Amino acid sequence: MPHLEVSALVEICQQKHPLDHWLRCECPTHSLGKYRCAVMLFARRRHFFKRVGLPCLIIALVIFFAFFVLLPLAFRFSVTLQRGILFLTFITYPKGLDLNNPASIGLYATRNFYITVKDHDEDDIGVRIGVWHVLPKNAVRRFKRELHVEEAYDEDEASRQPTGDLTPMPSHIGGNNEELQQLAPSLRAEFPVVVPENEQLFYERLLRVPGGTVVLYLHGNTATRGSGHRSEVYKLLRQLNYHVFAFDYRGYADSDPVAPTEEGVVRDALMVFEYIANMTSNPIYIWGHSLGTGVAAHMAAKLASLKERGPRGVILESPFTNIRDEIRLHPFSRPFRHLPWYDFTISQPMYDNRLRFESDKHVQEFPQPIMIIHAEDDVVVPFHLGYRLYRIALDKRSRSWGPVEFHRFDGVHRYGHKYLCRAPEIPRLVQNFVENYRNAIY
């Protein structure tokens, strides 16, 4: 029997036992057939593995090596790649936005202009950065005819719904209505109509009117100063009767295509702040969002170290402690963060190349009040990083310095990383913060 072919064995067994009982058959002939079939099946699988499985394994190993070894090594030794991943200047939206025409996104009565930033005294050329100056609502209402925005203003007012937590403020709060009323006749006589030739002078005159408030907005990485969620912030601040300045760091939008660095973007922010401070004695507040919170904390610390005029307060929206903590917890780093060589190839090189944004250090270096706002469902900058920064500021700053506030927003509202400006509590929180410290000196 052992010398019979397997097919013959199977045929004999199937004659003795029905096919549906074949697998339960105890027949010696059948058992031998099953043994020979198993041997042949194993041989076929082994052959299949050699033909298909081994090449697949090799391809998988190559992909793993390229993605988890070569890519981190390339990141370690390429400062250009590190800056590109951090600042994401190549991501631009909305497409086709004309930054020379802010009215195209509903920001009428907004001036677009450019400031030249010199990185050192011997820098003869400098870096040109694009800036917007958004006029406050009370100024637009009073001069809408001269600004040619009557129709846009009336349509905006007709479509605007009252904000849940924003109750009408007394006339002396949130704006300089009395001062504007007194100066209106002389301003109208000097500027019967605002045209490109006198636009700069008109905007700067309004900026100097006493009793006003200025907010310098520092955006995060990607896109431009005209991105949707950012323009929502400007419109909110306009409704509170604040002048708003927003700009694009070097390398972004219509600013000069110079590779950004931490020192570079902080210098850009300092130059815009200096421009505002030279134009007006009204209080200036800094509002930073995401990466902009790192810029805000760093520039406030630098102004304090230089003993220059600083902001009256700093608002940090969705902040982090430092870049090392943030990139480890960012969704993009999830495939890499548990690698044994993560620090060696990713976080340490950025630190060595001075891409740090150490807000946990900088909040201990300037005395102005701080307000931190953060949504619990933020997946880009995790909520606990913002809360940790608050605890560091609370514990490490001098008791004689300005207070530190923290406001959390429940994840059920789904504000996420970008849309805290839609929270109905925000206008009142901002108003209270501004009014509490507009005359305070620390």
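Visitor: How many cavities of 30 Å³ or more does the structure hold?
Guide: There is one in this predicted model. A cavity is a set of points on a 1 Å grid over the protein atoms alone where a 1.4 Å probe fits but cannot get out.

Visitor: What volume does the largest cavity have?
Guide: Its volume is about 30 Å³, taken as the space filled by probe spheres set on the grid points, which are joined across faces, edges and corners.

Visitor: Which residues line the largest cavity?
Guide: The lining, meaning residues with an atom within 4 Å of a point, consists of Pro136, Asn138, Ala139, Asn176, Leu180, Leu206 and His243. Four of the lining residues are nonpolar, three polar and none charged.

Visitor: What conventions apply here?
Guide: Residues are numbered from 1 along each chain as its sequence is written. Local features need pLDDT of at least 70, side-chain atom pairs count only at pLDDT 80 or more, totals for chains, interfaces and linings use all residues, and side-chain values use heavy atoms, with hydrogens and water left out.

Visitor: Changing topic, is Asp268 buried or exposed?
Guide: Asp268 is buried, at a relative accessible area of 0%; buried means under 20% and exposed over 50%, with a 1.4 Å probe and protein chains only.

Visitor: Where is Asp268 found, and what does it touch?
Guide: Asp268 belongs to helix α10 (residues 262–279), a helix being a DSSP run of H or I with at least four residues. Leaving aside residues up to four places away in sequence, Asp268 touches Val117, Ile129, Phe247, Tyr249 and Arg250, where contact means heavy atoms within 4.5 Å.

Visitor: Which residues are buried in α15?
Guide: In α15 these are Phe383, Leu385, Gly386, Leu389, Tyr390 and Ala393.

Methods. Helices (H or I, at least four residues) and strands (E, at least two) are DSSP runs, numbered from the N terminus. On a 1 Å grid over the protein atoms alone, a cavity is a set of points where a 1.4 Å probe fits but cannot get out, and a pocket is an open set with protein on both sides within 12 Å along at least five of seven lines; lining residues have an atom within 4 Å of a point. Ala, Val, Leu, Ile, Met, Phe, Trp, Tyr, Cys and Pro count as nonpolar, Asp, Glu, Lys and Arg as charged, and the others, Gly among them, as polar.
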